[in-house]
Amino acid sequence: MKLSVPGRVTATAVVATVSLLAGGSIAGAAPAGQPAVAAAPDIPVANVKAHLTQLQSIATANGGNRAHGRAGYKASLDYVKAKLDAAGFTTTIQQFTSSGRTGYNLIADWPGGDTNQVVMSGSHLDSVTAGAGINDNGSGSAAVLETALAVSRAGYQPTKHLRFAWWGAEELGMVGSRYYVNGLSTANRSRISGYLNFDMIGSPNPGYFVYDDDPAIEKTFKAYYAGLGVPTEIETEGDGRSDHAPFKNAGVPVGGLFSGADYVKTAAQAAKWGGTSGLAFDRCYHSSCDTTANINDTALDRNSDAVAYAVWELSR
């Protein structure tokens with residue numbers, strides 16, 4: 001569900017106020033005499049959900065999943081790549097082997113920006129073998145894809161270079177992202193000014209969790225949610241369990257968002273976020289019911305907009 005126009009105006013005003021109190025100026029505001037930098041766009045949740053529908057269809061046509069080494073994974077990667085190629089990205093496929101099966105990473109670079117300062121956003125595209133993996137992690141994959149397409153639609157030309165990634169074999173232990181990071185030279189690792197990770201952002205009984213790894217990235221996400229009037233908590237359930245871990249271990253600043261997996265929502269969390277206490281954030285985690293019916297539209301909408309907000313803010 002999208003925010004109403006008045007709600008979005010209020011959110012923007014609050015974010016501006018937070019920025020003024022913190023540093024005396026609005027983040028991204030241009031000095032006198034210089035043109036203002038465009039604000040991040042609203043990400044249409046209908047577009048994000050359309051990608052999820054496609055991923056569901058791919059899984060259904062390929063044995064019910066999109067797991068590493070299976071036909072459904074490669075078809076998912078081909079779908080994302082075609083969208084990015086048509087939007088003007090430079091795409092690269094990395095191939096690796098894990099558990100005797102071929103895996104793939106997809107990397108997409110937006111032309112322009114300082115390649116010595118790379119803002120990178122990523123998500124894992126593979127599911128477990130038990131199901132279609134629509135929340136885990138079609139949700140993050142679709143939001144990152146739609147943010148990349150929004151960059152293209154806006155003709156956005158930030159100061160920093162934008163790179164997006166979809167990882168293979170995360171469910172086997174962050175295999176694809178580790179392969180990518182290990183393949184970078186020391187110089188190329190140092191050029192990544194931040195890696196943003198999005199793994200499960202549409203949980204059906206959602207929480208709003210922010211990684212507390214890099215302070216600047218954490219502050220950016222918290223400012224966005226403060227603008228919405230939505231409280232957040234520090235993410236602990238997924239520490240070291242997703243694709244930010246190889247980057248963090250290599251010294252790259254990392255951050256991200258999460259809406260919860262099989263941890264149980266407390267009464268206090270239900271009081272501030274809604275939903276049902278005593279039930280898991282995602283009761284279909286790693287199971288066959290992780291389908292398009294396993295998505296909370298409000299969480300998906302808010303988190304998708306937060307992805308774009310962070311990409312725009314951190315790449316100015």
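Two strands are taken to pair if DSSP finds at least two bridges between them. Helices (H or I, at least four residues) and strands (E, at least two) are DSSP runs, numbered from the N terminus. The model is predicted: local features need pLDDT of at least 70, side-chain atom pairs count only at pLDDT 80 or more, and totals for chains, interfaces and linings use all residues. Residues are numbered from 1 along each chain as its sequence is written, and side-chain values use heavy atoms, with hydrogens and water left out.

View A. Strand 3 (residues 114–124) runs parallel to strand 5 (residues 192–198), and 5 bridges join them. Across this pairing, valine 118 stands opposite isoleucine 192 of strand 5.

**View C. A tilted ring pair, one of 17 aromatic pairs in the whole structure.** Rings of Phe, Tyr and Trp (its six-membered ring) pair if their centres lie within 6.5 Å; planes under 30 degrees apart count as stacked, over 60 as edge-to-face and the rest as tilted. Tryptophan 167 and phenylalanine 247 have ring centres 5.8 Å apart and planes at 50°, so this pair is tilted. Because tryptophan 167 belongs to strand 4 (residues 160–167) and phenylalanine 247 to helix 8 (residues 244–249), the pair ties together parts 80 residues apart in sequence. Both tryptophan 167 and phenylalanine 247 are buried (under 20% relative accessible area; exposed is over 50%, partly exposed in between; 1.4 Å probe, protein chains only).

**View D. An edge-to-face pair of phenylalanine 209 and tryptophan 273.** Their separation is 5.3 Å centre to centre, with 75° between the planes. Phenylalanine 209 counts as buried at 9% relative accessibility, and tryptophan 273 at 13%. Ring pairs link Tyr208, Phe209, Tyr224, Tyr225, Phe258, Trp273, Phe281 and Tyr309 into a cluster.
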